[in-house]
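This briefing is meant for a reader who is meeting the structure for the first time. Please look through the sequence and the model before reading on.

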Amino acid sequence: MDINKVSLSGLRKALDEKEISAVELAKEYLSKIKTVDPEIEGYITVTEEQALESAKRAQELIDGGDSKPLTGIPLAIKDNICTDGIRTTCASKMLENFVPPYNATVIEKLNEQGYVLLGKSSMDEFAMGGSTQTAAFSKTKNPYDTNRVPGGSSGGSAAIVSAGTAPAALGSDTGGSIRQPSSFCGVTGLKPTYGRVSRYGLIAFASSLDQIGPIANSAEDCGILLNAVAGADEHDATSARVPVGDFNARIGQSIEGMRIALPQEFFGESTDDEVKQAVTDAAKEYEKLGATLVDCHMSSLKYAVAAYYLISGAEAASNLSRFDGIKYGLRGEGRSFDEMIRDSRSRGFGAEVKRRILLGNYALSSGYYDAYYRKALALKQQIIKEYNEIYEKADVILTPTAPTVAYRIGEQETDPVKMYLADICTVTVNIASLPAISLPCGYNSDGMPIGMSLVGKRFDEATLIQTADAYQRNFAAVPNKYRA
Amino acid sequence: MKLYPTIGLEIHAELMTESKVFCTCSAKFGGEPNSRCCPVCSGLPGTLPVLNSKAVEYIIKAGYIMNCDISRFTKWDRKNYFYPDLPKAYQISQMPRPVCLGGYVDINTDGETKRMRINRIHLEEDAGKLVHENRISLADYNRCGIPLIEIVTEPDFHSAADVTAFFEKIRLMLQYAGVCDGRLEQGSMRCDVNISLAPEGSDTLGTRTEVKNLNSLRAIQRAVEYEIYRQTELIENGERVIQETLHFNDATGETSSLRSKEDAHDYRYFPDPDIPPIIFTEEELAAIKADIPEMPQQRYERYTGEYGISDADASVLINTKSVSDFFEAAVKAYNNPKPIATFITVELMRRINLGEVDADNIPFSPEDFARLVELAETGKISKDNRKTILREMITAGESPEAIAEREQLWIKEDSELTEKTVDEILAANPKAVEQYRSGETKVFGFLMGQCNRALKGSASPAAIKQVLEKKLNNI
């Protein structure tokens, strides 16, 4: 069996029909990780021993005829999702040796299915960044060109799926952290509706925006993963008490009559011509499949990045305050509490994390709150309103996932504002709590993947998967050399 | 120039919920250090708070008993600051939308009734505790996440007596409402006092200082008095009062500076994105209001009115909730409130005040106590023996009947023994008999006492009196 060419349903079939055992499958991936990952650096921790053990247990379930969709399926998990007894670092020196004593709810759910954890995937430090180059260790490379970034912050998960060192992975998305790296690495990533997946055990970056979601080789595979992890959770008061159902239920149904909106502002000057062209071509494909294209506007888009960095910065500044060196994580030195806390945080956090903490604290400071944070919240309401207006005349929205393809390592990191502005296509989705899926829609002249995003109504992931799948059936993906 | 103090209070009261406010850990006091905490209340990364609905119910009750408006929409905010006893480095509290707004509590001081206004009451979480040993500081997170309400008053207080009367009154009210156990020795209630002085009649207030974390009535009184004295001295000597936060030292009775206004924290409050706001329906609020038990004032009125108990006895009963509850249960068992009240205020309270009995842990049931009173009231035992039996009940833990039996304290209506004993007493006291018969009837009491003692309570005083009168008059 060629693990470079299988889908999750294909793996399921192979396992259930005893074409391959769960342990053999885990070994295949572990051996591929050994050869490929030193070049890609997608993993921070590879959990070989646990993988083989859980594969063995999974095989017992399979042998007993008790297999669930993910029984024996190997996965990579982003390293900001807590795994009981397994180091969870957020790619930060601060948590380099942090071993959580509990599982995130998504991990509990995956365990119930008998999944196999291959390892913890790299990311931008505390999920802050779009390149995975702010990671304190395992600065992941793009499998299509290892001189380029994989995107971020879930760059590890995206690169791993792209290189085939796991068939699928979980990432997290606060302002595009699932979709943008999926776009850069030529894979499919789904950011669910806020509240769809429990955040319990996801080390918080910006609590009102964070969502865990799947990164995989197809929309269908994303749906299989989402089916496993979605649902209300008593440990997360912001998880939605909304029925889950089967997110793949509408796969294969015609999209005849579907109204797809293209907000003009997403196709402006800051977006590369090749990207615009690929997304516009994809829109034409949808027309051929029977969809209607709807022209529309999102006039507040130009303020979205500012609103996003204020809201996420404020929440991050508060969320990251707990890393003080007292209870866990890096412990600094000093003659007083204050000195020790200062030293811990100075040494534990990288430059980008510090920048966001400063930005957030500034926005919340007395005298500045009204000018920044309160304005950002007002913008949030405006963005929600504009989305609602678009959804009055459309079922889904189509945009580029990022203004460019993956850039070269070292190219953008020096200019934080330029880096922040590159989030323009993805942040409004988080601000408005909407679901969105990014999928490849072409390759540029350098052979780098281009991604497009479908944005849906709240809790309408099923339509996104149906629509993405309809395109994917006719799309000729070009695998990178690690999948050849 | 006469200086006039103006005082406002912030009172923290721990709610007596079973579990903590944002996780399911026990909210009990004490325990081995860090034995009552979990990933959530010790602030592990990735954990999330889930609001305990009981805590919300309790703060609503607190609001109602203090005549507050209950906000129909309420939400939580983060108060950010670094301190080793605060594991998340922010406290979940409430800023612009507290559960309770406005309100008042009436107190009686200086012979008048004063209305003390409440500004707001909000719900928040307690922090942990630091233990300093040698040159090491250790953190105990057991207290982290215990639900707290903060009661903020208007600056309506003008003396230490105002403050202590208010504090004691709300302590009792919160206890009666079942909201806070009011155990000051366990830190269940703490008081911050804001004090400023200004010339009498002035319409501007002076510079205020804040004395933090006073946790006994005595400390509150001494701190207020000391701060009034200290500020008076400063002003009268032409010096300035500095706006600062103070610590009260119980040993010296003086206050000292913790931090000045310049060092004040900027708490960077903002809405907590982990806890959705709550919207209360009228039905929910009505149900919670209906569930509030009788308040001390209502009990007092029932005791003095319906039961005909004296004002003094009624006050004694209601001022200790456990005693009042004991009284209630005893009356339920034996519907004769007056003798029960008297026996509690005279005898049981004496035992409590002597430290023989813990008011929160009375070693016999109110039913046993009620039967003891009933035995005396129905002439089964003498009033004196009632006390004897009570003391035995404290130590022996037996029923009143068993003790009466064992100690042979029953009144036996045995007229033969009574007559024989009276005859003996009269024979032994011929002089007294002579005096009585010559008209000095006041010796009757002396003879009664003699008989009573000799009969050791085995005859009722009425029976003895009857026999004695018969013998003295008819011989």
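Is the crossing of H13(B) and H14(B) left-handed or right-handed? In this predicted model, the crossing of these two helices of chain B is left-handed.

**Helix pair in chain B**
- Helix H13 of chain B, residues 430-437, packs against helix H14 of chain B, residues 443-455, at an angle of about 145°, and their axes lie 9 Å apart.
- On the H13(B) side the meeting residues are B:Ala432, B:Gln435 and B:Tyr436, while H14(B) brings B:Val443, B:Phe444, B:Phe446 and B:Leu447.
- Sorted by class, this helix contact holds 6 nonpolar residues and 1 polar residue, with no charged residues.

**Contact between the chains**
- Chain A gives 33 residues to the contact with chain B, and chain B gives 25 residues.
- On the side of chain B that touches chain A, 16 residues are nonpolar, 4 are polar and 5 are charged.

**Overall form of chain A**
- Chain A has 15 helices and 11 strands.
- Its radius of gyration is 21 Å, close to the 23 Å that the globule rule gives for 484 residues, so chain A is as compact as a globular protein of that length.
- The C-alpha atoms of chain A fill a box of roughly 65 × 55 × 45 Å along the principal axes, and 60% of the 484 residues count as buried.
- Among contacts in chain A between residues at least 6 apart in sequence, 75% join residues at least 24 apart.

**The sheet of chain A and the helices on it**
- An open sheet of mixed pairing is formed by 11 strands of chain A, in the order E1-E3-E2-E4-E6-E5-E10-E11-E9-E7-E8.
- Strands E1 (43-46) and E8 (292-296) of chain A stand at the edges with a single partner strand each, so one side of each has no neighbour in the sheet.
- Strands E5 (residues 188-191) and E6 (residues 211-216) of chain A run antiparallel and are joined by 2 bridges; A:Gly189 has A:Ile215 in E6(A) as its bridge partner.
- Helix H15 of chain A, residues 461-472, packs on the sheet, touching E5, E9, E10 and E11 of chain A, and its direction makes about 10° with that of E10(A).

**A buried loop residue**
- A:Asp423 is found in the loop between helices H13 (416-421) and H14 (427-431) of chain A, and it counts as buried because it has 23 C-beta neighbours inside 10 Å.
- Leaving aside residues up to four places away in sequence, A:Asp423 touches A:Gly130, A:Gly175, A:Gly176, A:Val305 and A:Tyr308.

Technical notes: Residues are numbered from 1 along each chain as its sequence is written. Chains are lettered from A and ligands numbered from 1 in the order in which they are written. This is a predicted model: local features need pLDDT of at least 70, side-chain atom pairs count only at pLDDT 80 or more; totals for chains, interfaces and linings use all residues. Two residues are in contact if their C-beta atoms, placed from the backbone, lie within 7 Å. Ala, Val, Leu, Ile, Met, Phe, Trp, Tyr, Cys and Pro count as nonpolar, Asp, Glu, Lys and Arg as charged, and the others, Gly among them, as polar. Axes are lines fitted to C-alpha atoms, for helices over the stretch in contact, and angles run from 0 to 180 degrees between N-to-C directions. Helices (H or I, at least four residues) and strands (E, at least two) are DSSP runs, numbered from the N terminus. A crossing is left-handed if the near helix is turned anticlockwise from the far one by less than a right angle, and right-handed if clockwise. The radius of gyration is taken over C-alpha atoms; the globule rule is 2.2 Å times the number of residues to the power 0.38. A residue is buried if 20 or more other C-beta atoms lie within 10 Å of its own, exposed if 12 or fewer, and partly exposed in between; C-beta atoms are placed from the backbone. Two strands pair if DSSP finds at least two bridges between them.
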